[in-house]
Amino acid sequence: MSKVPQKWLVVITVLLGTFTIILNNSMLNPSIPYIMNIFDADAVSAGWVITIFMVTMGIAMPVTGYLGDRFGKKQLYMTGLGLFILGSLLGSFSWDLSSLIFFRGLQGIGGGMMMPTSMALIFEVFPKKERGLATGVYGVAAMLAPTIGPTVGGFIIEMGSWQWLFLCNIPTGVLGLVFSAVYLKQTTKVKGITFDLSGFITVTAGVGAMLYALGRMSEISHLKDPLNILLLVAGGIALLFFVRIENKKEQPLLDLSIFKIPAFRYSVWIASISSISLFGGIFLLPLLLQNVYDYSPIVTGLVFLPSALLSGIFMSIGGRILDRRGPGLVVTSGLTIVTITTVLLGFLSLNTALWLIVLFNAVRGIGMGLSTMPATTAGMNAIPEKFISRGSAMNNVLRQMSSALGIVFISVYYEVRKAQIVTVHAHSLEEASLQAINEGFLVVAALSLAVIPLGILLGKEDKKQRLAAKDIKQVHE
């Protein structure tokens, strides 16, 4: 390790922790039926194992900017990783479903403290002209883990016991903690800052209520549930109060003025739609492969592997292009590739060969790699350095909410259209499922198409900033 530059050791360190968190969460998705049997629980109760993590993670994220500035980003990151490891260890000893849900909530708090802080730590040690490559390497964890997680989780359940879903986090988590202690630099603590209690209460209530409601939805009847409607309305009202409070505060919890910066605003929209596209694909492809083509979960996992690997490779390539030429070309090209390949996935038939699906999804992964992290990095580069921690927190909260919203929207659309096609058109269940999945991919493609112009605008804004920075440098010289 002595020959590896210090700044790259920071990337390796936060990549370890991030990969562990995202992999663990995605591993648990296929385990819900198994957990129902172990703890003799219904689907709604067992679903809390997933929902509580999403809710507590979303609640913890908004406060990370303040905590990182107040106590130091290294301390915050290590505290979050420590909580996640503790939640994993205790989770393996769960004696009933309630204790398992509580320990998952603890994991979520730890993850919520770590995710935004990871990006901020990278930005601390890399200059703007090198951040694209750094975040591209770091982003491998964000792309690879959710695609291989379900396969790993299914393998653990088949070959071992459910406790290993939690225990397998501990070796990499402890390694990440050791790396953090050794390689993360102490960051400057901001003196004289105050805690925005009213902002914290309103954003916690708003984000928590909306994520809880979204976590309870997977079919059309859930949209009519009075509790879900109440949660969404209450969450929306709380977030409106949060915006009004933050605009009046001298030291807000999350400084919303960064949305006045066009490049950041464009990047957030691109990142949010990319999250919907990513998790929409992760939801639809297993349904296609298992329910329509009758492939096994193992084959499903292997189909995702080329996409995940290419996404990681091209995320690094995209980051290097971002550093050299700006985001315009790379982000726009990536979004275009995602749109085209998602459209192709929307025109499959019952006789489509498996290799063709693998090819479409693999090329789609290239597009995701070129667009997602470079767009986020370009947006973060556009905001003042003092807002990096809070900008990262904002970015992660919006990604979390858009991912949840995307999964709910696609899953409800799929269930409604499948039932409608079977009833109205008298198609077989396989034909109805295929048509509903095809339409789901076309909806996702339309969203990707809509943000391609934002990639062009992001490139123009970045070019303006680079020219302005060059002029300032010439003046000083």
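**Ground rules.** I number residues from 1 along each chain as its sequence is written, and side-chain values use heavy atoms, with hydrogens and water left out. The model is predicted, with local features needing pLDDT of at least 70 and side-chain atom pairs counting only at pLDDT 80 or more, while totals for chains, interfaces and linings use all residues.

**Entry 1, H13 and H18.** I took helices as DSSP runs (H or I, at least four residues), numbered from the N terminus. Helix H13 (residues 262-292) packs on helix H18 (residues 429-450) at an angle of about 165°, with the axes 10 Å apart. Axes here are lines fitted to C-alpha atoms over the stretch in contact, and angles run from 0 to 180 degrees between N-to-C directions. That makes H13 roughly antiparallel to H18 (angles over 145 degrees count as such). For contact I used heavy atoms within 4.5 Å. On the H13 side I found residues including Ile273, Gly281, Leu284 and Leu288. On the H18 side they include Leu434, Ile437, Gly440 and Phe441.

Next I looked at helix H14 (residues 297-325). The axes of H14 and helix H15 (residues 327-345) come within 7 Å and cross at roughly 145°. Gly318, Ile321, Leu322 and Arg325 of H14 meet Pro327, Leu329 and Val330 of H15. Ser311 also lies in H14. Ser311 is buried, at 2% relative accessible area (buried is under 20%, exposed over 50%, partly exposed in between; 1.4 Å probe, protein chains only). Leaving aside residues up to four places away in sequence, Ser311 touches Met143, Gly365, Met368 and Gly369.

I checked the loop between H13 and H14, where Asp294 sits. Asp294 has a positive phi of about 60° although it is not a glycine. Its relative accessible area is 65%, so Asp294 is exposed.

My criterion was a side-chain nitrogen of Lys or Arg within 4 Å of a carboxyl oxygen of Asp or Glu. The count comes to 7 salt bridges. I looked up the pair Glu130 and Lys7, with the closest N and O atoms 2.6 Å apart. This pair links distant parts of the chain, 123 residues apart. Lys73 and Glu124 meet at 3.0 Å, N to O. Lys73 lies in helix H5 (residues 73-91) and Glu124 in helix H6, so the pair ties together parts 51 residues apart in sequence. Lys73 is buried at 5%, whereas Glu124 is partly exposed at 44%. Lys249 pairs with Asp196 at 3.4 Å. Asp196 is buried at 2%, while Lys249 is partly exposed at 35%.

Terms used. Helices (H or I, at least four residues) and strands (E, at least two) are DSSP runs, numbered from the N terminus. Angles under 35 degrees count as roughly parallel, over 145 as roughly antiparallel, 65 to 115 as roughly perpendicular and the rest as oblique.
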